[in-house]
Amino acid sequence: MSVEILGFDHVSFWTRNATQAASYFICRAGFSPIAYSGLETGSRKYCSYVVQNGGVIFVFTSTFDAHETNFHNFVQSHGDAVKDVAFRVADCKKAFEHCVIQGAKIIKEPQILQDEYGLVITATIEAPFGGIWHTFVERRQYTGKFLPGFKQLHEDPYIQALPQPNFVRIDHCVCNQGENGVEKVVSWYESVLGFHRFWAADDRVIHTEYTGLSTVVIADANEVIKMPITQPSKGKGKSQVQEFVEYSGGPGIQHVALLSKDIIRDVSAWRKRGLTFIETPTNYYKQTKEKVGSKVKVDWTLLERLGILLDWNEEGYLLQILSNPVQDRPTFFLEAIERHNHEGFGAGNFRNLFEGVEKAQANRGNL
Ligand SMILES: O=C(O)C(=O)Cc1ccc(O)cc1
Ligand SMILES: [Fe+2]
């Protein structure tokens, strides 16, 4: 038995200042503000800004209340960070009850949320790491922009002023663990949510001269949710997963990858908006172009200009790029990914991706 999941619904971040965190994603990443809740809507403790790009919804929340110790403890330890990876489900109550019987910790019992746009049912359980939550969202033909109780927001002038990306949906969400942390977390998703192992690779495959990591990708039955669960390996240098864990006060969500139909358009828009990216090693394009030969038809000049990487196999290929961290701490970042009959995560690029990441780590004095 597993929970029927329809996709990622949204990702929520807890921050010290939701107004400014949301503004960064609006200005730099080209998201549009869609909904707000705060003092003006009767929310006396929390302020939330909801932003959307295509099928991707991010929520930024802060608190007005000095006594919300759960909230303050979380941001004190993790900084601005992902708190909730919400799944859209066919039946919220059924999903919730299934997980609770399987041993999930309850955060919020199922509740019916209603306003003039219709009805949504939500419930929340705790994930097995980092104080993260999973909220189940059942939308019953809800026509509002986000959830009942939120005031709808209108276009931001910055959106039209610069080129806009248009992402399809969240492709995957990477969950960083501490040393040897993967197995326990993967078993939880197997037993509680009925997820299965989709792909795995260890540090014999994923390593550079200095660092390594291992990953197990888990997926729901429909394979609409994919979450690589990663852990650091010991090496000559500090694994980027270890750096993350040290700066985020433990395990947490390292990156969210956004699925693109046109990564050239979307990354061009991101660059024009001033989002910055991990640098690709200088010899990458010459080498990769030679190896790929005529198997894949892409505009290499544009890929090189934008710093987009390519991975391929007999059946297809994918294009991907990693942003730099989007807050002060070297923790959370974004990825853009375009898939052509290729369901991987860029294993062929890991070495090049990680050499770029290590350069940034070395600049921070953390390699
Ligand atoms: O596996 C993925 O989803 C990637 O995008 C590649 C990757 C894996 C682990 C990292 O620490 C950073 C990037
Ligand atoms: Fe990724």
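Predicted model: local features only at pLDDT ≥ 70, side-chain atom pairs only at ≥ 80, totals over all residues.
Trainee: How many helices and strands does the chain have?

Mentor: The C-alpha atoms of the chain fill a box of roughly 60 × 45 × 40 Å along the principal axes. Within the chain, the secondary structure amounts to 10 helices and 17 strands.

Trainee: What radius of gyration does the chain have, and what does the globule rule give for 367 residues?

Mentor: The chain is as compact as a globular protein of its length, because the two values are close. The globule rule gives 21 Å for 367 residues, and the radius of gyration of the chain is 20 Å.

Trainee: Which strands and which helix each supply at least two residues of the shell around ligand 1?

Mentor: The residues surrounding ligand 1 include His-172, Val-174, Gln-254, His-255, Phe-350 and Phe-354. By class, the shell divides into 6 nonpolar, 4 polar and 1 charged. The elements that each supply at least two of its residues are strand S10 (169-176), strand S14 (252-259) and helix H10 (350-363).

Trainee: What distance separates a polar side-chain atom of Gln-254 from an oxygen atom of ligand 1?

Mentor: A polar contact requires a pair of N or O atoms within 3.5 Å. His-172 has a side-chain N or O atom 2.9 Å from an oxygen atom of ligand 1, and for a polar side-chain atom of His-255 the distance to a ligand oxygen is 3.1 Å. For Gln-254, the corresponding distance is 2.7 Å.

Key
Residues numbered from 1 in each chain as written. Chains lettered and ligands numbered in written order. Heavy atoms only, no water. Near = heavy atom within 4 Å. Polar contact = N/O pair within 3.5 Å; in protein donor to acceptor, adjacent residues only side chain to side chain. Helix = DSSP H or I, 4+ residues; strand = E, 2+ residues; numbered from the N terminus. Nonpolar A, V, L, I, M, F, W, Y, C, P; charged D, E, K, R; others polar. Rg over C-alpha atoms; globule rule 2.2 N^0.38 Å.
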